[in-house]
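This report goes through one protein chain, part by part. The sequence and the structure come before the details.

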Amino acid sequence: RTVRLSDYKGKVVLLNFWATWCGPCKIEIPWFIEFETKNKDQGFAVLGVSMDEDGWDVIRPFLSDIGVNYRVLLGTDMVAEQFGGVNALPTSFLIDREGRIASTHVGLVSRREYEDDIRALLDSQ
């Protein structure tokens, strides 16, 4: 089913473009699982957008093996273009409660950088 970012208005959203074959993505995903668990009751949500060309056949077993606890969607080039183009994986957008992109992370960045950005957005009401 179609999911729209507007469905999450009022929440801080970490929108992560990733793929099962992406090494740096595999490093970040456990962080995102923890962020979801720790912050979901404060109006926070992680949305994963898989850019795997083989679709759900490779995504489902990967998600099951890792124990992903957040919503994962199948992305397309059109979806990526709506965010100005995603030229590298992982690419993540932190979106504020009003639905505006507050920060963008291209490639692997530190867990601490994510935590600081998420905390700042959750603390600003």
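## The disulfide

The structure, a predicted model, holds one disulfide. The two partners are Cys 22 and Cys 25, whose sulfur atoms lie 2.3 Å apart. A disulfide is a covalent bond between the sulfur atoms of two cysteines. The link of Cys 22 and Cys 25 is right-handed, with 80° about the S-S bond.

Both cysteines are covered. Cys 22 has a relative accessible area of 3% and is buried. Cys 25 is buried as well, at 1% relative accessibility.

## Thr 20 in the loop between β1 and α1

Thr 20 sits in the loop that runs between β1 and α1. Buried means under 20% relative accessible area, and Thr 20, at 13%, therefore counts as buried. The side chain of Thr 20 makes a polar contact of 2.7 Å with the side chain of Asp 52.

Apart from neighbours within four places in sequence, the residues in contact with Thr 20 are Lys 26, Asp 52, Val 58, Ile 59 and Phe 62.

## Strands β1 and β2

β1 and β2 run parallel to each other and pair over seven bridges. Within this pairing, Leu 14 stands opposite Val 46 in β2.

β2 is mostly covered, with seven of its seven residues buried. In a regular strand the side chains alternate between the two faces of the sheet. On one side of β2 are Phe 44, Val 46, Gly 48 and Ser 50, and on the other are Ala 45, Leu 47 and Val 49; these residues are all buried, and both faces are covered.

## The nonpolar cores

The largest nonpolar core has 25 residues, and the members that touch the most others are Leu 14, Trp 18, Phe 32, Phe 35, Phe 44, Tyr 70 and Tyr 114. Two or more residues each come from β1 (12–18), α1 (23–39), β2 (44–50), α2 (56–66) and α4 (111–123). α1 gives the largest share, six residues. Apart from this core lies another, of 15 residues, including Ala 45, Leu 47, Leu 73 and Val 86.

Tyr 70 belongs to the largest core. Not counting residues up to four places away in sequence, Tyr 70 touches Ile 29, Phe 32, Ile 33, Glu 36, Val 46 and Gly 48. Of these, Val 46 and Gly 48 lie on one side of β2.

## Aromatic pairs

Trp 31, Phe 32, Phe 35 and Tyr 114 make up one aromatic cluster. Phe 32, Phe 35 and Tyr 114 are also among the residues of the largest core that touch the most other members.

The count of aromatic pairs comes to eight. One of them joins Phe 83 and Phe 93: this pair is tilted, with 5.2 Å centre to centre and 35° between the planes. Phe 83 lies in the loop between α3 (77–82) and β4 (91–95), while Phe 93 is in strand β4, so the pair ties together parts that are ten residues apart in sequence. Phe 93 is buried, with a relative accessible area of 4%.

β4 and β5 are antiparallel and pair over five bridges. Ile 95 has Ile 101 in β5 as its bridge partner. The two strands form a hairpin with five residues between them, and Gly 99 in the turn has a positive phi of about 90°.

Arg 97 also has its place in the loop between β4 and β5. How exposed or buried is Arg 97? At 15% relative accessibility, Arg 97 counts as buried. A polar atom of the Arg 97 side chain lies 3.4 Å from the backbone oxygen of Leu 122. Arg 97 and Leu 47 are 50 residues apart along the chain, and their C-alpha atoms are separated by 14 Å.

## His 105 in β5

His 105 is part of strand β5 (residues 101–106). His 105 is buried, at a relative accessible area of 3%.

Leaving aside neighbours within four places in sequence, His 105 is in contact with Pro 90, Thr 91, Ser 92, Leu 94, Glu 113, Tyr 114 and Asp 117. Among these, Tyr 114 is also a member of the aromatic cluster with Trp 31, Phe 32 and Phe 35.

Note on methods
Residues are numbered from 1 along each chain as its sequence is written. This is a predicted model: local features need pLDDT of at least 70, side-chain atom pairs count only at pLDDT 80 or more; totals for chains, interfaces and linings use all residues. Side-chain values use heavy atoms; hydrogens and water are left out. A nonpolar core is a set of buried Ala, Val, Leu, Ile, Met, Phe, Trp, Tyr and Cys residues joined through side-chain atoms within 4.5 Å. Buried means under 20% relative accessible area, exposed over 50%, partly exposed in between (1.4 Å probe, protein chains only). Helices (H or I, at least four residues) and strands (E, at least two) are DSSP runs, numbered from the N terminus. Contact means heavy atoms within 4.5 Å. Rings of Phe, Tyr and Trp (its six-membered ring) pair if their centres lie within 6.5 Å; planes under 30 degrees apart count as stacked, over 60 as edge-to-face and the rest as tilted. A disulfide is a pair of cysteine sulfur atoms within 2.5 Å. Two strands pair if DSSP finds at least two bridges between them. A polar contact is a pair of N or O atoms within 3.5 Å; within protein, one must be able to donate a hydrogen and the other to accept it, and residues adjacent in sequence count only if both atoms are side-chain atoms.
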